[in-house]
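This report describes the strands, core, salt bridges and surface of one protein model. The sequence and structure come first, and the description follows.

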Amino acid sequence: DVLPSPEGPAPSVSVTEIRQYLRAQGIPFHDGYSCLHTPSPFASEREAPQRAAPGAPYTLFIDKTTGSFLCTATLAEGTWQDFQANVELRHHGVPLPDSAEPEEDTKRAREDARCIWERALPLWELLDEEETQLTKSMFGISLVADATLKRFGVRYLRAAKSLVFPWLSPRDGSVRGVKLVAAERREDAALYVEQTLPRPGSYRNLFGLPLISRRDTEVVLTGRELDAMALHQATGVPCLSLPRGPTCLPPSLLPYLEQFKRITLWLGDDLRAWEAAKLFARKLNVKRCSLVRPGDQLPRPLEALNQGLNLTKILRSALPAGHKSIVSFRQLREEVFGELVNAEQVAGVKWARFPELNKLLKGHRRGELTIFTGPTGSGKTTFISEYALDLCMQGVCTLWGSFEISNIRLAKIMLTQFATQRLEEQLEQYDEWADRFEDLPLYFMTFHGQQNIKTVVDTMQHAVYVYDITHVVIDNLQFMMGHEQLSADR
């Protein structure tokens, strides 16, 4: 995915400008947690938005940070500029275009997903009880009742030995995609391998959404589908699972979370899940968020169910996400204990390929700056692309700003490092490796040469909000700043 280029950056819009525009157009709205809610011009084509029927449902959500919108009734979505264009067209009596047809790739992915879904069987309908029990113990879900699996609509694909989780359209309940999860037993734990259709970047399923009623005011967000089921079974609380766990919370999912007055985040059992929960709470509005702090006594929900813990009690002990400006040690006590218990995780995400680097830097931690220096041609870019790729392959969302070499050359270097072979000599393998490379949480800024520093920082902030970036690489600082005016301020 490429972020907007300097020639045509996405024009930023403030929430004040959005409010002023809606008032000027006579479009009623009210303030939500992370979105503004308005009646949708797409839902009732006969009525102009400025004369929306009193009491019309507010099904259009406008993101306060980016201005992009989503209509939950018709699934129409677009940028703030698209929304304005639609309003202007309607003023001139031009009917709105129908919701854009999905692209060919999306159509194919949905078709494939439907085929898999139809071939998969409900887990409780396998041939004999023994096979069902073996399968359940393989996934560590022996205590998850058939009624729960049925309620969430989970199936099993025998050929791939995988559980199949559906992504159902909020509009008509049709299958929009599936997630396949296979399990391998490692000592006591199950190791899960996930695959989604469509591909991860377009897979935006809030698993469990069809079970939410309009009257529900609180929800628990989990990092895995199995956790959502275990938690719902044990507590009866509405539970949803994020499509990519603690890796990211796509802004396009925020409208579906607007109805909840209280959101508890229980994303996993390690420090990365805790960091992600704090980041997501800022997106969701910290005032309504509580976090379950991971630790030895607080494993993830499925493990907690298997260990016979009281999940309702754990939810009640969740900490409010909004911290006061001044705290005493008493309030920090648990956090400090957590850092001592998880000393290894506090050191950050370790590099898989660079044990020596782990000795020097301990690991990649958010909020730290590392500077690599060396003369021209000494291998800085080659090394840093390998170093960033190592983390990216472990799920660290990465943003590259390459001001010195083009993105095409950089991507070629990284793809070669990813495939660990010279692809120019094996071109028949290119598509296979490119597909796998495309699924990494890796993004490139399209700047080149000297840039206005504010534009670059704005682009980074946009990337952090939209893609949950936690690692930014600038190569190199001298090119970005320009050679002439390296004043101390810059």
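Which side chain meets that of Glu 356 in a salt bridge? The partner is Lys 359, at 3.1 Å from N to O. The model is predicted, and the values here are computed from it.

Both residues belong to helix α12, which covers residues 355–361. Their separation is three residues, about one turn of the helix. Glu 356 is exposed because its relative accessibility is 54%, above the 50% cut-off. Lys 359 is likewise classed as exposed, at 59%.

## Salt bridges across the chain

The whole structure holds 22 salt bridges. One of them joins the side chains of Lys 64 and Asp 31, with 2.9 Å from N to O. This pair links distant parts of the chain: Lys 64 sits in the loop between β3 (60–63) and β4 (69–71), while Asp 31 is in strand β1, and 33 residues separate them. Asp 31 is partly exposed, with a relative accessibility of 45%.

A further salt bridge connects Lys 179 with Glu 225, at 2.9 Å from N to O. Here too, distant parts of the chain are linked: Lys 179 belongs to strand β9 and Glu 225 to helix α6 (residues 225–235), 46 residues apart. Are the two partners buried or exposed? Lys 179 has a relative accessible area of 1%, so it counts as buried, the limit being under 20%. Glu 225 is buried as well, at 3%. In general, side chains of opposite charge can pair when their charged atoms come close.

## The antiparallel sheet of five strands

Five strands form an open sheet in the order β1-β2-β3-β4-β5, with antiparallel pairing. Its edge strands are β1 (30–31) and β5 (77–78), each of which pairs on one side only.

Strand β1 pairs with strand β2 (residues 35–38) through two bridges in the antiparallel sense. Within this pairing, Asp 31 stands opposite Leu 36 in β2. Asp 31 is also the residue that forms the salt bridge with Lys 64.

Strand β8 (residues 162–168) pairs with strand β9 (residues 175–186) in the antiparallel sense, over seven bridges. Ser 162 stands opposite Ala 182 in β9. The hairpin of β8 and β9 has six residues between its strands, and Gly 173 in this hairpin takes a positive phi near 75°.

Strand β9 is also joined to strand β10 (residues 189–197), by nine bridges, and these two strands run antiparallel. Which residue of β10 is the bridge partner of Lys 179? The partner is Thr 196.

## Parallel strands and the nonpolar core

Strand β13 (residues 262–266) is mostly covered, with four of its five residues buried. Strand β11 (residues 218–222) runs parallel to β13, and five bridges join the two. In that pairing Val 219 stands opposite Ile 263. Strand β14 (residues 289–291) also pairs with β13 in the parallel sense, over three bridges, and Ser 290 in β14 is the bridge partner of Thr 264. Together, β13, helix α7 (residues 271–284) and β14 make a β-α-β unit that is right-handed.

Which residues have the most contacts inside the largest nonpolar core? They are Ile 263, Leu 265 and Leu 284, in a core of 34 residues. The elements that contribute two or more residues to this core are β11, β13, α7, β14 and α16 (453–467). Helix α7 gives the most, with nine residues.

## A nonpolar patch on the surface

Phe 329, Leu 332, Val 336 and Leu 340 make a nonpolar surface patch of about 390 Å². Leu 340 is found in helix α10, which covers residues 329–341. Leu 340 is exposed, because its relative accessible area of 64% is over the 50% limit.

How values were computed:
Residues numbered from 1 in each chain as written. Predicted model: local features only at pLDDT ≥ 70, side-chain atom pairs only at ≥ 80, totals over all residues. Heavy atoms only, no water. Patch = residues over 30% accessible without salt bridge, like charges linked within 9 Å, V, L, I, M, F, W, Y side chains within 5 Å. Areas by Shrake-Rupley, 256 points an atom, 1.4 Å probe, with all protein chains shown as cover. Salt bridge = Lys/Arg side-chain N within 4 Å of Asp/Glu carboxyl O. Buried < 20%, exposed > 50% of the residue type's maximum accessible area, 1.4 Å probe, protein only. Pairing = 2+ DSSP bridges. Right-handed = clockwise from strand over helix to strand, strands pointing away. Core = buried A, V, L, I, M, F, W, Y, C linked by side-chain atoms within 4.5 Å.
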